[in-house]
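Take a look at the model below.

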Amino acid sequence: MSQLLVMHGPNLNLLGTREPDVYGWVTLAEIDKALADKAQAAGAELSSFQSNHEGVIVDRIQKALTEQVDFVLINPAAYTHTSIAIRDALAGVALPFIEIHLSNVHKREAFRHHSYFSDLAEAVICGLGWKGYLYALDFALEHLAEKPRA
Ligand code: DQA
């Protein structure tokens, strides 16, 4: 069975109340449930993880390798623009991943225009709100069906 991991960076635990005009009203728990349900319906397993701490996110990425995770969906949040450590962790485990942002970071402040992840990612989805996670999951499930684990 394919294993997927969705990772959410700092402050995404506040979704639903955090700047709803930018990030929407849907909570993180609601997003995680929609993803887990969709993965399960497709015969895959998805686990979710959120942390406000860079090193904890690095540790979780390293652990993903020993758990036979096949694909990662990640919204690194503010660490998108700052974290070489999380970038290196993803490069180190060499797992395919999609970078997701709820908001269109390119329409926002200049400091959000650079990502430490995009050049390593299979794809980047931004500006489609919480549904961006669902679209990313669609792709990941199709990708895994075409290229099942050896
Ligand atoms: C974000 C965009 C980041 O710039 C910001 O720091 C976030 C959320 C998004 O989902 O739109 O925390 O990743």
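Predicted model: local features only at pLDDT ≥ 70, side-chain atom pairs only at ≥ 80, totals over all residues.

Residues are numbered from 1 along each chain as its sequence is written, and side-chain values use heavy atoms, with hydrogens and water left out.

Start at the ligand. Its surroundings are Arg-18, Tyr-23, Asn-75, Ala-77, Ala-78, His-81, His-101, Leu-102, Ser-103, Val-105 and Arg-112; a residue is near a molecule if one of its heavy atoms lies within 4 Å of it. This shell divides into five nonpolar, four polar and two charged residues. Here Ala, Val, Leu, Ile, Met, Phe, Trp, Tyr, Cys and Pro count as nonpolar, Asp, Glu, Lys and Arg as charged, and the others, Gly among them, as polar.

Taken alone, the ligand exposes 330 Å², and the protein buries 98% of that (Shrake-Rupley method, 1.4 Å probe).

Now pick out His-81 from the shell. His-81 sits in the loop between β3 (71–75) and α4 (84–93). Helices (H or I, at least four residues) and strands (E, at least two) are DSSP runs, numbered from the N terminus. Is His-81 buried or exposed? His-81 is buried, because its relative accessible area is 15% and buried means under 20% (1.4 Å probe, protein chains only). Leaving out residues up to four places away in sequence, His-81 touches Val-105, Phe-111, Arg-112, His-114 and Tyr-116; contact means heavy atoms within 4.5 Å.

Next, the interior. A nonpolar core is a set of buried Ala, Val, Leu, Ile, Met, Phe, Trp, Tyr and Cys residues joined through side-chain atoms within 4.5 Å. The largest has 25 residues, of which Leu-4, Leu-35, Leu-73, Tyr-133 and Leu-137 touch the most other members. β1 (3–8), α2 (28–41), β3, β4 (97–101) and α5 (131–146) each supply at least two residues. With seven, α5 gives the most. A second, separate core of 19 residues includes Met-7, Phe-49, Ile-74 and Ala-89.

Finish at Leu-134, in helix α5. Leu-134 is buried, at 16% relative accessible area. Beyond four places in sequence, Leu-134 touches Ala-34, Leu-35 and Lys-38.

Definitions and conventions
Buried < 20%, exposed > 50% of the residue type's maximum accessible area, 1.4 Å probe, protein only.
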